[in-house]
Amino acid sequence: MTKRTSAKYKIDRRMGENIWGRAKSPVNRREYGPGQHGQRRKQKLSDFGTQLRAKQKLKGYYGDLTEKQFRRIYAQAERVRGDTGENLIGLLERRLDAVVYRAKFVPTVFAARQFVNHGHVEVNGKRVNIPSYRVNEGDVISIRERSRQLAIVLEAVGLPERDVPDYLDVDHNKMTATFVRTPALGDVPYAVQMEPNLVVEFYAKN
């Protein structure tokens with residue numbers, strides 16, 4: 001778990017955007033930033049500031065990964081043939097906690113990390129408790145039999161806020177999800193615009 005798990009809405013306030021599209025996000029009521037100076041007129045960001053913000057937003061979206069974790073994923077994306085920004089999104093979406101969240105087995109990506117950590121998830125019939133575990137195309141992710149009636153699972157399945165993307169084949173009756181394919185940026189149902197190209201620019205210069 002990251003240190004910000006109990007204060008996830010602070011990420012929304014800091015970004016000034018409802019990055020998960022949640023109805024309860026404080027940004028829906030207060031678009032200005034947190035703190036006593038939050039209502040001051042926003043200054044135009046420099047190129048560096050714009051790139052840094054794009055990185056923080058993407059990093060925060062996936063459970064506020066540490067900089068070390070995020071940079072390691074970026075380095076892997078850079079080594080793969082093709083567009084680095086698209087590769088980065090693909091690698092992030094292949095994280096087991098991200099797949100559990102996308103499949104609507106839990107209500108938040110923070111809950112997904114904890115859910116995997118606590119051993120409630122299986123991949124191809126074997127229990128996996130590592131949130132960063134990278135799934136492959138064709139892998140079947142399932143909720144363990146004894147965990148399927150947990151309140152957090154039943155709540156998530158009924159959430160109207162988000163739909164399951166088409167790169168997952170989900171059966172909520174059996175509590176299984178098949179990872180069909182690695183998505184491109186345009187396939188991922190982000191509630192706000194993500195700009196991995198700016199993340200690439202940030203790391204290229206820093």
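Predicted model: local features only at pLDDT ≥ 70, side-chain atom pairs only at ≥ 80, totals over all residues.

Me: OK. How many bridges do S3 and S5 have, and in which sense do they pair?
Reply: S3 and strand S5 (residues 176-179) share 3 bridges and pair in the antiparallel sense. Within that pairing, serine 142 has threonine 176 in S5 as its bridge partner.

Me: And how does S1 run against S3?
Reply: Antiparallel, with 3 bridges joining S1 (residues 121-123) to S3 (residues 140-143).

Me: Which residue in S3 stands opposite valine 121?
Reply: Isoleucine 143. Valine 123, in turn, stands opposite isoleucine 141 in S3.

Me: What's the strand order in the sheet?
Reply: The order is S2-S1-S3-S5-S4. Those 5 strands form an open sheet with antiparallel pairing.

Me: Which strands stand at the edges?
Reply: S2 (126-127) and S4 (168-171). Each has a single partner strand, so one side of each has no neighbour in the sheet.

Me: What holds paired strands together in general?
Reply: Backbone hydrogen bonds, in either a parallel or an antiparallel arrangement.

Me: Switching to serine 147. Where is it?
Reply: Serine 147 is in the loop between S3 and helix H7 (151-157).

Me: Is serine 147 buried or exposed?
Reply: Buried. Its relative accessibility is 2%, and the cut-off for buried is under 20%.

Me: What does serine 147 touch?
Reply: His120 and Val153, leaving out residues up to four places away in sequence.

Me: How far is serine 147 from methionine 175?
Reply: Their C-alpha atoms are 9.9 Å apart, while along the chain the two are separated by 28 residues.

Me: Now helices. At what angle do H3 and H8 cross?
Reply: Roughly 100°, with the axes of H3 (residues 67-79) and H8 (residues 196-205) coming within 12 Å. Angles of 65 to 115 degrees count as roughly perpendicular, so H3 is roughly perpendicular to H8.

Me: Which residues meet there?
Reply: From H3, Glu67, Phe70, Arg71 and Tyr74. From H8, Val199, Val200 and Tyr203. By class, the contact has 5 nonpolar, 2 charged and no polar residues.

Me: Last one. What's the mean pLDDT of the chain?
Reply: The mean is 87, and 80% of the residues reach 70 or more. Over residues 1-6, the pLDDT is below 50. That stretch has 13 contacts in the model beyond near neighbours in sequence.

Methods. Residues numbered from 1 in each chain as written. Heavy atoms only, no water. Pairing = 2+ DSSP bridges. Helix = DSSP H or I, 4+ residues; strand = E, 2+ residues; numbered from the N terminus. pLDDT = per-residue confidence, 0-100. Contact = heavy atoms within 4.5 Å. Buried < 20%, exposed > 50% of the residue type's maximum accessible area, 1.4 Å probe, protein only. Axes fitted to C-alpha atoms, helices over the stretch in contact; angles between N-to-C directions. Parallel < 35°, antiparallel > 145°, perpendicular 65-115°, else oblique. Nonpolar A, V, L, I, M, F, W, Y, C, P; charged D, E, K, R; others polar.
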